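Hi,

Here is the structure I promised to pass on. Have a look, and my notes follow below.

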Amino acid sequence: MHIDVITCVPKLLESPFNHSILLRAQKKGLLEVVVHDLRDYATNNQKQVDDYAFGGGAGMVLMIEPIAKCINALKEKRQYDEVIYMTPDGKKFHQKTANRLSLLNNLIILCGHYKGVDERVREKFITLELSIGDYVLSGGELAAAVVVDAIGRLIPNVLSDETSALTDSFQDNLLAPPVYTRPAEYEGMKVPEILLSGHEANIQEWRLEQSLKRTQERRPDLLDGYEL
Ligand code: ADE
């Protein structure tokens, strides 16, 4: 998968893709993330990418020309499956969307900043608007990093143990069960006996029970869509 991220603050995205699972995905050649500095596409001598909002009001707005220039240049090289805009008024990002996006080939992710982008960018170029939650960040960069991380780890063959993504929280509308590792006892706190039993079927049953219990307690809303 190839992901182009467009931002006016590229420094914010210098590191998040270069560690852990996303680094491994890139080394395996399964993921390529390229960050583009919007200023490189500025159309005037001042390298300006934002301007005051028509009609007044506080906050700057990202201009359409640099964004259009950047997206058009990218589109000359590849066909994109989605052109995503990160914005707090977008569709709430869920695991289901991450699953779907992880099977695509080419994505553009545009990060808003300040008051956002000129509305005409959204009309002309954007195919999907995503929000990572009901709060406002200073810009879309950290949100884009969240989306790339969530998608990247789901790309087929990225995780070495294929089942580990399948047992994530939310993957089947349930929260993940508790997990333990050595030591089997810490200051009198014991790991549940069943996990030490080696009885695979009983362990699976216990994990499902725990998932259901945890989901019922913490996120009963998720169970509305759960088929028993
Ligand atoms: N940009 C600013 N806040 C955001 C949010 N909550 N989700 C996505 N992009 C954003």
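Why does Gly-112 count as buried? Because Gly-112 has 27 C-beta neighbours inside 10 Å, and a residue is buried if 20 or more other C-beta atoms lie within 10 Å of its own, exposed if 12 or fewer and partly exposed in between, with C-beta atoms placed from the backbone.

Before you dig in: this is a predicted model, where local features need pLDDT of at least 70, side-chain atom pairs count only at pLDDT 80 or more, and totals for chains, interfaces and linings use all residues. Residues are numbered from 1 along each chain as its sequence is written.

Back to Gly-112: you'll find it in the loop between strand S6 (106-111) and helix H4 (119-125) (DSSP runs numbered from the N terminus; helices are H or I with at least four residues, strands E with at least two). Beyond neighbours within four places in sequence, its contacts (C-beta atoms, placed from the backbone, within 7 Å) include Tyr-85, Met-86 and Gly-140.

Ile-132 sits in the loop between strand S7 (128-131) and helix H5 (141-152). With 19 other C-beta atoms within 10 Å, Ile-132 is partly exposed. Leaving out residues up to four places away in sequence, Ile-132 touches Phe-93, Ala-143 and Val-146.

Now the ligand. Gly-112 and Ile-132 are among the residues surrounding it (C-beta atom, placed from the backbone, within 6 Å). Strand S5 (residues 82-92) gives the largest share of that shell, three residues.

Cheers

Notes
Two residues are in contact if their C-beta atoms, placed from the backbone, lie within 7 Å.
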